[in-house]
Amino acid sequence: MRLLFVGDVIGKPGRRALQRLLPRLVDHHRTDFVVVNVENSAGGYGVTPDVMQELADLPIDCFTTGNHVWDKKEGIELLDRDPRLLRPANYPEGNPGKGMYVGETAGGIKVAVLNLEGRVFMSTLDSPFQMADRLLAQLDRDKVKVVFVDFHAEATSEKQAMGFYLDGRVGAVIGTHTHVPTADERILPGGTALLTDVGMTGPYESIIGMRADKVLKRFLLQTPSSLEVAKRDVRLAAALVEIDEKTGKARHIERFLVPDEQQV
Ligand SMILES: [Fe+2]
Ligand SMILES: [Fe+2]
């Protein structure tokens with residue numbers, strides 16, 4: 001089976017690129033299951049019901065997020081209503097939402113999606129490694145062979161560590177959060193596909209999606225200033241993983257960075 005994963009969708013430019021490019025990619029690569037990270041889809045921060053509605057007609061099976069999922073109050077409320085919208089699983093108990101979803105392809109293949117968040121240079125959450133163990137233990141692995149992990153983390157080392165920790169137990173570990181694609185896609189010895197960061201779906205003439213002049217002001221003056229989603233050089237960042245549905249192991253992984261010719 002072929003799983004397509006699209007990295008952090010940034011505001012309106014990211015949503016437009018997704019709307020224009022995703023149906024074509026799904027058709028062209030005959031993908032069976034699509035996962036999209038939407039933590040920055042509403043103006044760069046969080047999700048909203050309006051944004052989710054806008055994406056409702058697209059061929060997307062599951063939405064993952066990250067640290068920014070908590071930025072919009074109305075988005076947080078969605079977490080308990082829509083099981084296909086995940087937040088990282090390793091936040092303390094008591095928070096709304098879940099970090100795992102089990103879906104099914106049109107052909108009847110069950111696919112589990114896990115969303116986890118790293119701790120290096122980020123919040124002090126529960127261990128994403130132990131949480132991964134707990135979530136995998138909840139699955140009936142005779143029925144759910146295909147498992148995909150979005151590991152939302154800052155440090156490349158922590159993301160690679162997760163790949164090796166889960167090697168042989170999941171089909172793919174793909175990183176998000178830095179918004180910068182890495183060129184290290186590979187299949188680990190146990191059969192897990194690993195890519196440290198898939199990159200963002202948004203404006204690349206920017207500093208991680210935001211207008212460079214505004215971000216620069218923060219760095220130069222060391223005082224708070226508002227940020228704004230940039231507009232130019234919009235690209236869709238994704239990875240396509242081919243997973244053997246009988247063994248759950250990856251056969252192939254490839255990376256895309258597709259320009260949105262029409263822009264905003
Ligand atoms: Fe992000
Ligand atoms: Fe993030």
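## About the model

The model is predicted, so local features need pLDDT of at least 70 and side-chain atom pairs count only at pLDDT 80 or more, while totals for chains, interfaces and linings use all residues. Residues are numbered from 1 along each chain as its sequence is written, and side-chain values use heavy atoms, leaving out hydrogens and water.

## The metal site

Let's start with the iron ion (ligand 1). Asp 8 (OD), Glu 39 (OE), Asn 40 (OD1) and His 179 (NE2) coordinate this ion at 2.0 to 2.2 Å. Donors are N, O and S atoms within 2.8 Å of the metal (3.2 Å for Na, K and Ca), and water is not among the atoms, so sites may look incomplete. Glu 39 also coordinates the iron ion (ligand 2), which is 3.5 Å from the iron ion (ligand 1).

Asp 8 sits in the loop between strand E1 (2-6) and helix H1 (11-29), and His 179 in the loop between strand E7 (172-176) and strand E8 (186-187), so the pair ties together parts 171 residues apart in sequence. Helices (H or I, at least four residues) and strands (E, at least two) are DSSP runs, numbered from the N terminus. Both Asp 8 and His 179 are buried; buried means under 20% relative accessible area, exposed over 50%, and partly exposed in between (1.4 Å probe, protein chains only).

## The nonpolar cores

A nonpolar core is a set of buried Ala, Val, Leu, Ile, Met, Phe, Trp, Tyr and Cys residues joined through side-chain atoms within 4.5 Å. The largest one has 29 residues, and Leu 4, Val 6 and Leu 22 are among those with the most contacts inside it. H1 gives this core its largest share, 6 residues.

Beyond its neighbours within four places in sequence, Leu 22 has contacts including Val 34, Ile 60 and Leu 236 (contact means heavy atoms within 4.5 Å). A second, separate core of 23 residues includes Ala 172 and Ile 253.

## A cluster of rings

Ring pairs join Phe 129, Phe 151 and Tyr 165 into a cluster. Rings of Phe, Tyr and Trp (its six-membered ring) pair if their centres lie within 6.5 Å; planes under 30 degrees apart count as stacked, over 60 as edge-to-face and the rest as tilted. Phe 129 and Phe 151 are edge-to-face, 6.5 Å centre to centre with 70° between the planes.

Phe 151 is buried, with a relative accessible area of 0%, whereas Tyr 165 is partly exposed at 34%.

Definitions and conventions. Chains lettered and ligands numbered in written order.
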